[in-house]
Amino acid sequence: MKKKTILAVDDEVHILELLKYNLETNGYTVITVETGEAALDLLSNEKIDAVLLDVMLPQIDGLEVLRRIRSTEKIKKIPVILLTAKSDEFDKVLGLETGADDYIAKPFSIRELQARVKAVLRRISEKETIQSEQNFISTHGLEIGLENKIVKKDGVLIEMSLKEFELLKLLAESPGKVYSRDVLLEKIWSYEYIGETRTVDVHIRHIRKKIEQDDSNPMFIKTVRGFGYKFRED
């Protein structure tokens, strides 16, 4: 498994040395910088899995760095743990409202820091897993996995060819939208089959046999007579 890369940002060199040694001992790759500007530059050019960010930085302080991270599309989802000598409730709330994933006040124990880093990375991993698992269309017992290209009906896996899946996916992503046969040919088969609308009809018939309770009276893929097809609207 590839090591997770942690960016540590602090203007106190001894803190950076402490963080680097202890986190690398626990299996992380650690990059250290001493200013907010350097952190933002590095984040835009390197793959970083989490940031340990001191609030009291010179020039651009940690909260401003955090605001810029959260407002930059490419890096806005990177988890950030704020480090600060301040421990009053206002600072903690402000940091979290600005978009910090966690907050730890100096002085802190290395064991606590390691636990916080591990917890943040685990939460991000679980969130990504959930988002991946939710990347599907589900309606009336039919599930279409948009990324893994898996189709299930009432929990039972349905075997489909690539073209069958692409055709079903295209229709299901826009329920109620009517596609002409020519448009479906263009989108799924490209120019090679233009004019051969029977290709669409054959694939629709095969799909219906696989997903419909009664393919002669389909509930999922509807025929628009004389034109084409559409996916059911719930």
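## Ground rules

Residues are numbered from 1 along each chain as its sequence is written, and side-chain values use heavy atoms, without hydrogens or water. Because the model is predicted, local features need pLDDT of at least 70 and side-chain atom pairs count only at pLDDT 80 or more, while totals for chains, interfaces and linings use all residues.

## The nonpolar cores

In soluble globular proteins, nonpolar side chains tend to be buried together. A nonpolar core here is a set of buried Ala, Val, Leu, Ile, Met, Phe, Trp, Tyr and Cys residues joined through side-chain atoms within 4.5 Å. Buried means under 20% relative accessible area, with a 1.4 Å probe and protein chains only.

The largest core has 26 residues. Ile 144, Leu 168, Leu 171, Ile 211 and Ile 221 have the most contacts inside it. At least two residues each come from β7 (142–145), α6 (162–172), α7 (181–189), α8 (198–211) and β12 (228–231). These labels follow DSSP runs numbered from the N terminus: helices are H or I with at least four residues, strands E with at least two. The top contributor is α6, with six residues.

## The open sheet

Four strands line up as β6-β7-β8-β9 in an open, antiparallel sheet. Two strands pair if DSSP finds at least two bridges between them. The edges are β6 (136–139) and β9 (156–158), each pairing on one side only. Inside the sheet, β7 pairs with β8 (151–153) over three bridges. Glu 143 has Lys 152 in β8 as its bridge partner.

## How the helices pack

Axes are lines fitted to C-alpha atoms, for helices over the stretch in contact; angles run from 0 to 180 degrees between N-to-C directions. Helix α6 lies across β6, β7 and β8, at about 105 degrees to β7.

The axes of α6 and α8 come within 10 Å and cross at roughly 85 degrees. The two helices are therefore roughly perpendicular, a label for angles of 65 to 115 degrees. In their contact (heavy atoms within 4.5 Å), Leu 168 and Leu 171 are among the α6 residues, and Ile 204 and Ile 211 among those of α8.

Helices α7 and α8 pack at about 80 degrees, with axes 9 Å apart. So α7 is also roughly perpendicular to α8. Arg 181, Leu 184, Leu 185 and Trp 189 of α7 meet Thr 199, Val 200, Asp 201 and His 203 of α8.

Terms used. Buried means under 20% relative accessible area, exposed over 50%, partly exposed in between (1.4 Å probe, protein chains only). Angles under 35 degrees count as roughly parallel, over 145 as roughly antiparallel, 65 to 115 as roughly perpendicular and the rest as oblique.
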